[in-house]
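This briefing covers chain architecture, the contact between the chains, and selected strand pairings. The structure is shown first, and the points follow by topic.

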Amino acid sequence: MNKFSITQYLLILTVLVFGFIYALPNLFPTQPSIQVAYTDSGKSADQVLLNDLNKLLSTNQVEYEDISIRDNKIVIKFPNLEAQLASKTILQKALLDKVIVALNLEPTTPTWLKDIGGKPVKLGLDLSGGVHFLLEVDIETAQQGRLELLLDNYRKTFKEDRLKITSSSINDLKLNFKFNDRESYNKALSKYRLDSPGVNGLQYIITERPSSNTLSLEYSDVALREIRDYAVGQNLTTLRNRVNELGVSEPIVQRQGSNRIVVQLPGVQDPTAAKKIIGKTANLEFRLEANSRTSPLRKEEFNFKENDYSTAFLEKAVVVSGDRVTNASTGFDESGLSQVNITLDMQGGRAMQKATSGNIGRRLAVLFVEQKNKSELVINKNGNKVIEQTSYIEKNIISLATIQAVLGTSFRITGVGSPQEASELALLLRAGALAAPMKFVEERTVGPSLGKENIELGMRSIMIGLALVVIFMTFYYRIFGLAANISLLINLVLITGIMSLLGATLTLPGIAGIVLTVGMAVDANVLIFARIREELKEKDPQTAIKDGFSRAFITIFDANITTLIAALILYVIGTGPVKGFAITLSIGILTSMFTAIICTRAMVNLIYGNKNIKELKI
Amino acid sequence: MDIRFQFMKYRKIAGLISIFLFTISVLSLSFRGLSLGLDFSGGTLVEVTYETPVDLEIIRDTLKDNGFEDSQVINFGTNLDVLIKVADQNGNSSVGDSVYSLLTEKGFIGELKRVEFVGPQVGAELRDQGGLGMLVALFMILMYVAFRFQYKFALGAVTALGHDVVIILGLFSIFAWDFDLTVLAALLAVIGYSLNDTIVVSDRIRENFRLQREMEPQMMIDLSLNQTLGRTVVTSLTTLLVLFALFIFGGEMIKGFSLALILGVLVGTYSSIYVVANMLMSLILTQEDLAIPEPEGADFDELP
C-alpha cells in the first residue's frame with residue numbers, strides 16, 4: 001500500500017526538472033551592456049555597423065567581451081559598468097544622431113538555456129525602477145478635425161453642383177448645412193446618402209429638417225470607432241518612434257482599453273526628460289498659401305516658427321495632416337542645397353495631388369501644431385493662490401515653399417536652410433505626427449534606488465517568512481513536516497520557473513503574493529496531516545495515510561478553486577502591480593496543489609510505502 | 001471523538017459581537033468614509049529621501065505659499081523619507097515635477113524616489129472597477145459554493161465574507177488608514193483565504209451530517225469545529241507568521257497590504273467558526289438538506 005509506480009515517480013521528476021531548468025536563469029547575474037540601433041527605424045543593424053562599432057571601441061581601447069547582432073540591434077557586453085558608460089559616450093560622440101545608444105543590463109543566461117526559451121523573470125517597474133505613463137487620446141479633437149475636413153469638402157462639392165447654401169457650421173460635433181431652397185436640400189440629402197455607406201456600415205447619421213431646409217450630419221458609431229482606432233493606432237506608432245529616440249532597452253508601448261496608451265520605460269533615470277519627449281503633442285499640417293482669390297473668411301494668419309515678426313496668410317483648409325507622412329529624410333538637391341524628402345501614404349498622396357494639380361507656382365506651407373500648457377497662479381473661490389494649468393494650441397509655419405510640379409506620394413521640400421535645419425524638419429515630420437492630441441492621465445515614477453530597495457525588502461520577507469514556516473512545520477509534524485517543507489521549496493522553484501517561462505512580470509505585490517503563497521501552501525499539507533492524525537485513531541498507519549490524503553483532497557480542491565476565482569477577478573480589474581499579485585497568487589495556488597498533494601505524497605510513499613509501520617509520528 | 005470546546009454554546013454572544021462590529025463598521029464607512037489612497041482619489045504623490053531629517057512644517061508652509069494648498073506632508077517609514085500628497089489639480093500631470101523642483105529651489109535637496117500621478121478620471125474608474133470586482137467575486141463564490149455544497153452553506157459563506165470585508169473596511173475607515181489598490185488586492189485575497197477556512201469547516205459539517213449520527217445539529221457542528229480546529233489554528237499561524245514577516249520586513253510600500261491581510265486572517269478565522277456555523281444553525285440545517293451523497297466525491301477519492 002502507498003506505493004507510486006515508476007512511471008508516476010518519473011512524471012513527477014520530469015515536472016520538477018522542467019521547473020528547475022526554467023527557474024535556473026534567475027540565478028545568473030546581469031551584465032552591463034549597450035544596445036545600438038539605427039535612428040531610422042526602417043533600417044536594421046548590419047555587419048557594416050558592427051564593424052564600425054568594433055573599430056571605434058578598439059581605437060578608444062575600451063574593454064568589451066562580446067559584440068553581436070540581435071533583433072535589428074547590435075548588442076555589446078562589458079565586464080563592468082565603467083566600460084559601459086565610457087563606451088556610451090564614445091559611441092554617441094562618434095555617430096551622433098545616426099544611431100540610438102541604449103544602456104541595458106543583459107542577463108548572462110547560458111546559450112543552451114536560452115535556446116530552450118529560458119529567461120529570467122521580468123521585473124515590474126516598482127522593482128526595476130523606471131517610468132509608467134498612461135496617456136489618453138483625445139478622440140473629440142480628432143473627430144472635430146475630420147469634420148472640418150468634411151465641411152470643406154462638402155462646401156466645395158455643393159458649390160460645384162451649384163447648390164445654394166445659406167450657412168454652414170460645426171456645432172457639438174455636428175455638421176450643419178442650411179440651404180436656400182428645397183431643391184438644393186434634396187440634392188444634398190441624396191449626396192449624403194450616397195457617401196454614407198462604408199466598409200463596415202453607414203458612416204453618417206443624418207438629421208433632416210425639411211421645414212427649415214437644414215441638414216445636419218454626425219458620425220455614426222461605426223465611423224467613430226474607425227476614427228478612434230485610426231487615431232489610437234497612429235499615435236501608438238508615433239509614440240513607439242519617440243520612445244525609440246529615448247534609447248530605452250525594453251520599452252512597452254501598448255494600447256489599453258478603447259482610447260488609452262500605456263508607456264513603460266524600465267530603468268529610465270530621468271523621467272522628466274522622458275515625459276517631455278513622449279508628451280510632445282505636435283502635429284503637422286500642409287496648407288496652401290492664401291492668394292488674392294481666397295476669401296478673407298477662408299484664410300488665417302500665422303507666425304513663422306523661427307521668426308516671430310514675419311507672418312503669412314494660409315488657407316484654412318488642410319491639404320494633408322502629418323499623420324499621413326510615412327517617412328521623411330534629408331538630402332541635397334542638384335545645386336548642393338539641403339532638402340527634405342517626404343513620403344506620404346496613398347490617401348495623403350491622393351489629397352496632395354488633388355490640391356497641387358491646379359496650383360503650380362503657389363506656395364505650400366508646413367504648419368507645426370503644438371499643444372502647450374500655460375501655468376498661472378490664480379486666486380480660487382476660497383481666496384487661496386493655486387496653480388491653474390490651461391492648455392492651448394500654437395501653430396507656426398516651419399516651411400513655406402513654391403510648388404514646382406504636381407505632387408504625389410513622394411516629393412521634396414527645398415530651400416530649407418542649413419543641413420542641420422533640414423534634419424530637424426525631417427525629424428519633426430517623421431516623429432511629430434499625432435492623429436489626435438493626448439494627455440497624461442496616470443504617471444508612476446520609481447527611482448532606481450527604490451526599486452533595488454523593494455527587491456531587497458521583498459526577498460528578505462520571503463526568506464524570513466519561509467524560515468519561520470519551515471521551523472514551525474518541522475517542529476510540529478516531524479518527518480511529515482520535512483516532506484511538506486521540501487514541497488514548499490519545490491513550490492517556490494516551480495513558481496519562479498513558470499513565471500520566467502510565461503514571461504510574467506514580478507512586482508512588489510507579486511512578491512507579497514509569493515510570501516502569502518508560502519503561508520497558505522502549507523495549508524493543504526496541514527489539512528492532510530491533520531486528517532491522517534484523526535484517521536490514526538481508528539485505523540492502521542498505512543490506511544490512515546491513504547485515507548488522510550484522499551479525504552483531504554476534495555476540501556483542498558474546493559478551497560483553492562474559490563481563491564483562484566478571487567485571483568482571476570483581481571487580474572481583470574487590477575492594473576500593473578496588482579495584476580502582478582494576481583498572477584503570482586494564481587500560479588502559486590496551482591503549483592501548491594501539485595506540490596502539496598502530489599510531491600508530499602511521493603515523499604511520504606517513498607518513506608513509508610509498503611513498510612510495516614507500528615507507530616506513525618505525526 | 002469528544003468535543004473539547006463547545007463553540008456553539010457561545011454562539012449568541014459571538015453573534016452579538018459580530019453584529020456590533022459590523023454596525024460600527026457600517027456607521028464609520030457611511031459617516032467617515034475611507035481615506036482613499038492615490039489610486040482611487042486621484043492626485044499626485046512625491047517621495048523624497050533626504051540625508052538629514054527635515055522639518056515637515058516648513059515644507060508644508062512652503063507648499064501652501066506656492067499654490068499647493070491642499071497637500072499632506074508626512075514621514076514615510078523613516079524620518080529621512082518624506083511623502084508629499086497633493087490633491088488633484090484639474091488633471092495636471094506635472095504637479096510632481098513642480099513640487100520637487102520647488103523644494104529643491106527652497107534648499108530641500110534630496111533624492112527623488114518616486115512620483116505618482118493618477119488623473120481624476122482614472123481614479124474614479126478604479127473605484128468603480130474595484131467595487132464591481134468585489135461584488136462579482138462575492139457573487140461567483142456564492143454560485144460556486146451553492147453548486148458544490150448547498151444554498152444554506154452558500155448563504156453562510158457569503159455572509160461570512162461580507163462580514164469580513166465590511167469589518168476590515170470599517171477598521172481602515174475608523175483608523176483612517178490609507179486605502180489604495182494594494183489594500184483592495186489584499187481584501188480580495190482575504191476573500192479567498194477566509195473562504196478557504198469556511199470551506200474546510202463546511203466540508204466537515206457536511207461529512208458529519210451525512211454520516212447520519214444520532215446527534216443534535218448543535219453537537220454535530222461543535223464536533224466538526226473541534227475536528228477542524230487543529231488545522232484552522234496551524235494554517236492561520238503559518239499564514240500569520242509570513243504576514244508578520246512581510247509587515248515588519250517588507251517595507252513601507254506594502255504595510256497597508258500586509259496589515260489588511262493580517263486583519264483578514266484574524267477576522268476570517270473567527271468568521272469561519274462563528275459566522276458560518278451560526279448561519280447554519282439559524283437556517284436550521286437538517287440531515288435532509290445533505291441527504292443525497294454527491295457522486296463526484298467518489299471519483300475524487302481515487303485521484304491522488
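**Briefing on chains A and B**

Strands β7 (residues 165–171) and β8 (residues 174–179) of chain A run antiparallel and are joined by six bridges. They belong to a predicted model, and the points below begin with this pair before turning to the interface and to the build of each chain.

**The β7–β8 hairpin of chain A**
- β7(A) and β8(A) form a hairpin, with two residues between the strands.
- In the turn, A:Asp172 has a positive phi of about 50°.
- Across the pairing, A:Ile165 stands opposite A:Phe179, which lies in β8(A).

**The interface between chains A and B**
- The contact involves 64 residues of chain B and 68 residues of chain A.
- On the chain B side, the elements that give two or more residues are β5 (111–118), α5 (120–148), α7 (181–210), α8 (217–249), α9 (255–282) and α10 (295–302).
- By residue class, the side of chain B that touches chain A holds 33 nonpolar, 21 polar and ten charged residues.
- Strand pairing also links the two chains: β22 of chain A (residues 438–446) and β5(B) pair in the antiparallel sense over five bridges.
- Within β5(B), B:Val115 is the residue that A:Thr445 stands opposite.

**Domains**
- Chain A is divided into four parts: domain 1 (6–24 + 447–608), domain 2 (31–108), domain 3 (140–224) and domain 4 (281–444).
- Taken over C-alpha atoms, the centres of domain 1 and domain 4 of chain A are separated by 60 Å.
- For chain B the assignment gives domain 1 (7–35 + 122–293) and domain 2 (43–118).
- The centres of domain 1 and domain 2 of chain B, again over C-alpha atoms, are 39 Å apart.

**Overall build of chain B**
- Chain B contains ten helices and six strands.
- Chain B is more spread out than a compact globule, because its radius of gyration is 24 Å, well over the 19 Å that the globule rule gives for 304 residues.
- The C-alpha trace of chain B spans about 80 × 40 × 35 Å along its principal axes.
- Of the 304 residues in chain B, 48% count as buried.
- Among contacts in chain B with a separation of 6 or more, 79% are between residues 24 or more positions apart.

Methods: Residues numbered from 1 in each chain as written. Chains lettered and ligands numbered in written order. Predicted model: local features only at pLDDT ≥ 70, side-chain atom pairs only at ≥ 80, totals over all residues. Contact = placed C-beta atoms within 7 Å. Helix = DSSP H or I, 4+ residues; strand = E, 2+ residues; numbered from the N terminus. Nonpolar A, V, L, I, M, F, W, Y, C, P; charged D, E, K, R; others polar. Pairing = 2+ DSSP bridges. Domains from an automatic or database assignment. Rg over C-alpha atoms; globule rule 2.2 N^0.38 Å. Buried ≥ 20, exposed ≤ 12 C-beta atoms within 10 Å, placed from the backbone.
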